[in-house]
Amino acid sequence: MLFGGAAVWLVLSCGFGLAASMTFHQPALFADCAVGTYGRVYPAWSHLFVYGFAIPSGLGVGLWLLARLGRVELAKPFLIAVGAKLWHLGVLVGLVAILNGQTSGYEWFELPRYAAVLLFLAFVLMAIWAVVTYSQRRETALYPSQWFVLAALFWFPWIFSTAVLLLQFFPVRGVVQAAVAWWFAGNLLNVWLPLAGLAVTFYLLPKLTARSLQSHYLALFVFWTVLIFGSWTGIPLHAPLPAWMITLSSVATALMIVPALAIGAIVFLTTRGAPVTGGGGPLCYSKFGAAALVLATVIAALAACPAVARVTDFTWFTHGVTALRLYGFFAMTMFAAIYHILPQISGVTVSPQRIKLHFWLAMPGALLLALPLLGGGLAQGLKMMHAEVPFLDATKAAVMGFRLSTVGELLIAFGSLVLLVNIALVVASYYRVVAKTAYAAATMTPKAAEVKS
Amino acid sequence: MKSSSTVFLAAFLALSASWAGFVLVPQLQLGRVDQAKTVPTGDNYPLARAGLAAQGAAVYRSLGCVYCHSQQVGQDGVKVEVVLLDAGTNADNTLAAIRKVSAELGRPETFIGLPKKITEVADMNAADALLKAVSEAGGKIEANVVPTGPDISRGWGRRRTVAQDYVYDAVVQIGTRRAGPDLANVGTRRADPNWQLRHLYAPAAEIPGSTMPPYRFLFQERKLKFGQHSSPDAIPLVTAGKFLDVSKDTGPADREIVPTEQARVLVAYLLSLQADAPLFESPVTPPPAPVVTTNVVVAK
């Protein structure tokens, strides 16, 4: 349910992402259509990716992990399903509002407050039963993935409610709005997504390689450092905010290199010499995802140094890093989880060829989306720094990178379609089995009754 | 970690620390900032945006202009330009005074073509001696604080933007990307509303090669009957040929392009973007008003 909805939103978001980047190829494309203007299509993309795909899939995987690691059934699956439906409704309402021009105007938080309230309620509803599931666990020893899921469950309502209350219900004054919005975005992208994603990575890698996690202490170290450093990131170098905030945020972003290296060490030590090969399956997704997280975090840390940030701020570079984090790390990790979990909960196997096909679309797609943007952004920033170079030249320096990134986006979009097909087929054959059983049961009943009588 | 309470405690500590740091403290520090006085003129700054401009801010937000245009100007530092306005009645005396401070400047050429910038120094303190010497000798001299940096050189603003500039913005549109130029001072830079309207309608007509999408949906195209005059609020097509080239689908001159209410308020907002008042925390001295003529006797 969560996955299916998430996949639909992912495909839609890819569509909007493509439409948004088309504006840079052919500016006049949507000249007569307010809905298609870049300033609406781009936020529609980010809204659908983050709220439509990333959070529900992260939540779905988190629920499964809590149940699996606690060796219990989910508590109140019906209420959780209601929460999921409510969430998807909120995403839909937010999407319509954004396309209609009722955006809140804050990046990564575009949904208007009525949609935000829906999402908040839905999240809390699901989180409550997730925590109840956790407290009913029969396996008392905690596994690292559980820490990450629990912290993520705790994190989102806090940052989201802060953003909703201080930006939309009781708006703070002037630049404090920007501070709150950046704080929220930093926590969402640099804490929540890593928490939800790493929970999967640290579960799947040992599982799929049939080895133990190397090691729990390193995972604990990653947990603490992501929480402590990640929560202070997000404020750009040029912001018209007090210098102490900018400095603190740059330092925190640079220090994220510490958990990144630890994650790299965990992945390397856990999978080294494992007797299993990925073959384009969940293991490949998960490994690539972790590598992309390490890469994105290290690049972001380097770009946090003021000398570099002076060049890269305001360019496509920052977008490239975010794309690497969103598609390269988070989406890939979620795909790994989805392909691992779906057969287990439905009893239907997904064709390995189609999983492989998706991998070979999504993996190059993510790289092709992010890396050219990094290069193009650098070229753009270097020109932007020199006032004697006309501004338009600086903008056009990024064009080549941008074109390549559109190709990457196209690959990702095709990959997402494959994912949607995969999920749809699983769901269809699951329900076919369920229907058959039900049919058999229904046709059985009279006989049983006859026998009894 | 063995127990769930440790996990929650860890998350609580980390998040509450960052919440206090990046939400609470900025609110305490900046949440009550109000109008300030400009330096040295003492005007109130900023003023709340007037009606049309305030409506335009909502259009700006609704169209997502912020995804391509930032509204923040950065600066690397400042330099101080020392401008000699007048050598005074006794130019020889003034020259001698200057020579005592700086042998290099103490030459008769310094007095040619006043008023002019005679030197550039790093800060006010460095300019002090010169200011004192010249004014004591009866000359007129001033030192101007001039911010430096690529944004300033591009003409995007005279100084960096500071928290004070955004006090009355209901949704601050600071922005983080510059696919288009910074707009913090677009109202000063492009003060002609008709230019703004034409640019919104067909950006490439005003700025050749512009990558900005045209916003034709903010305009109405009306057909004119034979002999009918165009409406007073139709946008003047200064260079009609060039204009029509770009928007391929508009026909010959029997049509007029009329901005909608949305376009008009958006332009009112754009024109209201002027973050250049000299403030205490971001000083900038206005360049001296051009003096028509001064006849200075060049000392020999």
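Two strands are taken to pair if DSSP finds at least two bridges between them. The model is predicted, and local features need pLDDT of at least 70, side-chain atom pairs count only at pLDDT 80 or more, and totals for chains, interfaces and linings use all residues. Residues are numbered from 1 along each chain as its sequence is written, while chains are lettered from A and ligands numbered from 1 in the order in which they are written.

Chain B contains ten helices and seven strands. Of the 300 residues in chain B, 40% are buried; a residue is buried if 20 or more other C-beta atoms, placed from the backbone, lie within 10 Å of its own, exposed if 12 or fewer do, and partly exposed in between. Contacts are counted between residues whose C-beta atoms, placed from the backbone, lie within 7 Å. Among the contacts in chain B with a separation of 6 or more, 83% involve residues 24 or more positions apart.

An open sheet of three strands occurs in chain B, in the order β4-β3-β5 and with antiparallel pairing. Its edge strands, each pairing on one side only, are β4 (116-121) and β5 (140-148) of chain B. Neighbouring strands of this sheet are turned by 30° against each other on average, direction ignored. Strand β3 (residues 77-86) of chain B is joined to β5(B) by nine bridges, and the two run antiparallel. Glu81(B) has Asn144(B) in β5(B) as its bridge partner. Helix α4 (residues 124-136) of chain B packs on the sheet and touches β3, β4 and β5 of chain B. The direction of this helix makes about 165° with that of β5(B); angles run from 0 to 180 degrees between N-to-C directions, and axes are lines fitted to C-alpha atoms, for helices over the stretch in contact.

Elsewhere in chain B, His199(B) is found in helix α7 (residues 193-201). His199(B) is buried, because 21 other C-beta atoms lie within 10 Å.

In chain A, the axes of helix α4 (residues 113-135) and helix α5 (residues 144-169) come within 10 Å and cross at roughly 160°. The helices α4(A) and α5(A) are therefore roughly antiparallel, a term for angles over 145 degrees, with under 35 roughly parallel, 65 to 115 roughly perpendicular and the rest oblique. The crossing of α4(A) past α5(A) is left-handed, meaning that the near helix is turned anticlockwise from the far one by less than a right angle, where clockwise would be right-handed. Residues making the contact include Phe120(A) and Phe123(A) of α4(A) and Phe156(A) and Phe160(A) of α5(A). The contact residues divide into 15 nonpolar, two polar and one charged; Ala, Val, Leu, Ile, Met, Phe, Trp, Tyr, Cys and Pro count as nonpolar, Asp, Glu, Lys and Arg as charged, and the others, Gly among them, as polar.

Helix α2 (residues 38-70) of chain A holds Leu48(A), which is buried with 27 other C-beta atoms within 10 Å.

The contact between the chains takes 58 residues from chain B and 62 residues from chain A. On the side of chain B, the largest share, 16 residues, comes from α1(B).

Note on methods: Contact = placed C-beta atoms within 7 Å. Helix = DSSP H or I, 4+ residues; strand = E, 2+ residues; numbered from the N terminus.
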